[in-house]
Amino acid sequence: MDRAGSTAGGTGGKDATAPETGGYAATRLRLLHREDLSGPPLRTALARLTDDWLATLLGPAEGVALVAVGGYGRGELSPRSDLDVLLLHDGTAMSQIAALADRVWYPVWDMGLALDHSVRTPAEARRTAAGDLKVHLGLLDARHLAGDPALTAALRTTAYEDWRAQAPARLPELRELCEERARRQGELRFLLEPDLKEARGGLRDATALRAVAASWLADAPREGLDRARALLLDTRDALHRVTGRATDRLALQEQEQVARRLGLADADTLLREVYEAGRTVSYATDVTWREVTRVLRSRSGRPRLRRILGGRGGRGGFVQPQRVPLAEGVVEQDGEAVLARTARPEHDPVLPLRAAAAAAQAGLPLSPPTVRRLAAAGPLPVPWPAEAREQLVTLLGAGEPTVAVWEALEAEGLVSRLLPEWAHVRCRPQRNPVHRWTVDRHLVETAVRASALTRRVGRPDLLLMAALLHDLGKGHPGDHSEAGETLARALAPRLGFDGADTDVLATLVRHHLLLAETATRRDLDDPATIRAVTDAVGSAGTLELLHALTEADALATGPAAWSTWRASLVADLVRRAGAALAGRPVAARTEPAPPTAGEERLAIEALRTAGPVVALEPPPEGAGQDSVELTVAVPDQPGVLPATAGVLALHRLTVRAAEVRAVAPAPAVGSALLLNWRVAAEYGSPPEAARLRNDLVRALDGSLDVAARLAEREAAYGRRRVVHAPPRVSVVEGVSRAATVLEVRAQDAPGLLHRIGRALEDAGVWVRSARVSTLGASVVDAFYVTGAEGGVLDPEEAAAVARKVRESLGG
């Protein structure tokens, strides 16, 4: 049952009854349960019904007006919206005002409806608006409900006159209010749980654009804006009806239901629609505030300019704006890139790319009228001429200014016309919390990051194009890297790249995850690991490009995807693979690299004392200052990995990365296990090394039951179970000759590594080395295991071990 409006049957009594509708509460409830009524018709019906009811509550009254303001004033009454109402009076009947207000307010409260109310004279309303920007904005949408219409009309007239007179001072205040809200709430089109009202590009910004237009100083681009605003309102209506609450946050658990109510296929389709709307409002916001700034600057500079020119300008004192050439057919004027007077887009199909590249390289925005004119350009020939390809590469290589120019092209649909494959990733959400952006914005951000790395590669054009294309396969069936390779092989020749360059681009797209995954999950001392990389890339030049693409991709993903530690692992892998491709000798040992002097001292101490040794150090630069480096040396024995992981979990230390390996600093007295961890405290500071060591001693000798303690704590918290994608445990073939490699992909959780270690120990295998990576809420761990006597496990045994680990994770 639709719960929206379930509080409508309150205790309003006879005051809550409108005879024409058989009672406000009952009629409102029927409206909210009508499946055939939604969108603007529903909002209008609710507003009209509420208008009639409130007018009935006020009754006959002289010198008084009941006025709807804000969203209610605009007639945009969502199922659970507040009622923003002003009781306006002329001050002649002060003794009756309190009774009149009670006659209206109390039935509304009895209905359980949220009410934002005030009682003021016109003079008081004007003074309050002068000191409170939000109040003034609400009065711009004032609408008469009941009482004396002349009072309402005078209020509206005064509000607009004051707004236009005060616009030079109030608009900068409004802009700062919008920017502060954006900093606090984020960008609607990049949030997995966006606030439809408060986030940048949401309903608040759409309202601010109406206020700017009311100032007569500037106006927002109208193309698509009303449609975007209506979509956000429709989504909020559906959200209210699904949840029965006055909420604006589109939470993950409600997205499927909201999508169904709106007649959309699924939650991803809903998010794409919402993101498209947010993109439209955000772009209109950028353009509008830029125009406001230009107008205010020109007004403030005009007297000084006239003094400089001695009162003379062009015809009638008009000063011709300066136009500075940027490229063929493109000039700079008044801080924007615009078309030259002689430019003819309909006869110059390269002009959109040339104008975009010139604007980005100059760090200028493309003016909206210019972008609209560029949309008239004809299609590019296939394959593209060299100039078109070069201009696209120039645009991608401009750095941060590329983003704003690209958004301007997107606003008129030019990107999808140039690259039809782009439409599939446009506003496509990424439900991995590691990613900051939608797929399309991530690709542009990757190009921005790659532009800073072009000096490191011999073919910067291929690097920038690979950055733009590398995730183009997302949303297609199957592995997105494989789908992307197919798309790249079709697209690159169309852009004018020859066969050899097409092969390189396809390889970069197909293997854009190879270096990061191999460096963080594989044993780099195993020749098979290096061979897998060299076989994939084929040449030193492609390896060089892939290295830069890997870094750009990670930097554009989010802060959790790249660090100095991860960069050093990738660089080490590239160095080894480069040596192999060049025919230089590469260390072919299958044993781990020797320990550092400090690690060797810890291992010797562990063997001397026959117990664990623990050291805590600050993190290396770039590893995140909330983490610490933990090194544990323990005489080689069963159970070390699960015991250590369990103790870390008990102390609420989150494992960001880990490496396990065996060392023999003094072969005569045995070998030790060396565990290098990067951990972060869930809250507070990490415990002292001595406390960790004491608990580890107890865990190893069995006096501390780690599993039981973790289970007790989990039961005590009683956390609500959230359904995640099931864990995946697989045997990875061909990456090591000396060990069997198990890869675990799962949702991160307290004690996860402890459970994995226990499962491996129970399976009777030895962890020869391990690489643990935590990426946001997910882990990707690789374990190199052997049988009790050493050596690779046979396929059946390896499959059984993988199954046991998967079962330990609930999969």
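This is a short tour of the structure, stop by stop, with something to select at each one.

**Before you start**

The model is predicted: local features need pLDDT of at least 70, side-chain atom pairs count only at pLDDT 80 or more, and totals for chains, interfaces and linings use all residues. Residues are numbered from 1 along each chain as its sequence is written, and side-chain values use heavy atoms, with hydrogens and water left out.

Helices (H or I, at least four residues) and strands (E, at least two) are DSSP runs, numbered from the N terminus.

**Stop 1: the four-stranded sheet**

Select strands S1 to S4. They form an open sheet of 4 strands in the order S3-S2-S1-S4, with mixed pairing. Two strands pair if DSSP finds at least two bridges between them. The edges are S3 (115–120) and S4 (143–147), each of which pairs on one side only. From one strand to the next, the twist averages 25°. Axes here are lines fitted to C-alpha atoms, for helices over the stretch in contact, and angles run from 0 to 180 degrees between N-to-C directions.

Now pick S1 (residues 64–68) with S4. The two pair in the antiparallel sense over 4 bridges. Ala68 stands opposite Arg143 in S4.

Contact means heavy atoms within 4.5 Å.

**Stop 2: Glu276**

Go to helix H11 (residues 267–308), and find Glu276 there. Is Glu276 buried, partly exposed or exposed? Glu276 is partly exposed, because its relative accessibility is 24%. Buried means under 20% relative accessible area, exposed over 50%, and partly exposed in between (1.4 Å probe, protein chains only).

Next, show Arg426 and Cys427. Glu276 touches both, not counting residues up to four places away in sequence. Cys427 is 151 residues from Glu276 along the chain, but their C-alpha atoms are separated by 6.3 Å.

**Stop 3: the three-stranded sheet**

Select S5, S6 and S7. This is an open sheet of 3 strands in the order S5-S6-S7, with antiparallel pairing. S5 (323–327) and S7 (336–339) are the edge strands, each pairing on one side only. Neighbouring strands of this sheet are turned by 40° against each other on average, direction ignored.

S5 and S6 (residues 330–333) run antiparallel and are joined by 4 bridges. Val324 stands opposite Glu332 in S6.

Bring in helix H12 (residues 351–362). H12 packs on the sheet and touches S5, S6 and S7. Its direction makes about 115° with that of S5.

**Stop 4: Glu387**

Glu387 sits in helix H14 (residues 386–396). With a relative accessible area of 33%, Glu387 is partly exposed. Leaving aside neighbours within four places in sequence, Glu387 is in contact with Val350 and Arg354.

**Stop 5: the nonpolar cores**

A nonpolar core is a set of buried Ala, Val, Leu, Ile, Met, Phe, Trp, Tyr and Cys residues joined through side-chain atoms within 4.5 Å. The largest one has 87 residues. Those with the most contacts inside it are Leu366, Trp384, Trp406, Trp422 and Met465.

Centre on Met465. Not counting residues up to four places away in sequence, Met465 touches Leu392, Val393, Leu396, Leu495, Phe497 and Leu505.

A second, separate core has 49 residues, including Leu641, Leu653, Val660 and Val805.

**Stop 6: Thr529**

Select helix H23 (residues 527–537), where Thr529 lies. Thr529 counts as buried, at 1% relative accessibility. Among the residues that Thr529 touches, beyond four places in sequence, are Val735 and Tyr784.

**Stop 7: strand S9**

Select S9 (residues 627–635). Of its 9 residues, 8 are buried, so S9 is largely enclosed by the rest of the structure. S8 (residues 613–617) pairs with S9 in the antiparallel sense over 5 bridges. Ala615 stands opposite Thr631 in S9.

S11 (residues 670–681) pairs with S9 too, antiparallel over 9 bridges. Leu630 has Trp677 as its bridge partner in S11.

**Last stop: helix H30**

Select H30 (residues 752–762). Its buried residues are Leu752, Leu753, His754, Ile756, Gly757, Ala759 and Leu760. H30 is followed by Gly764, whose phi is positive, near 80°.
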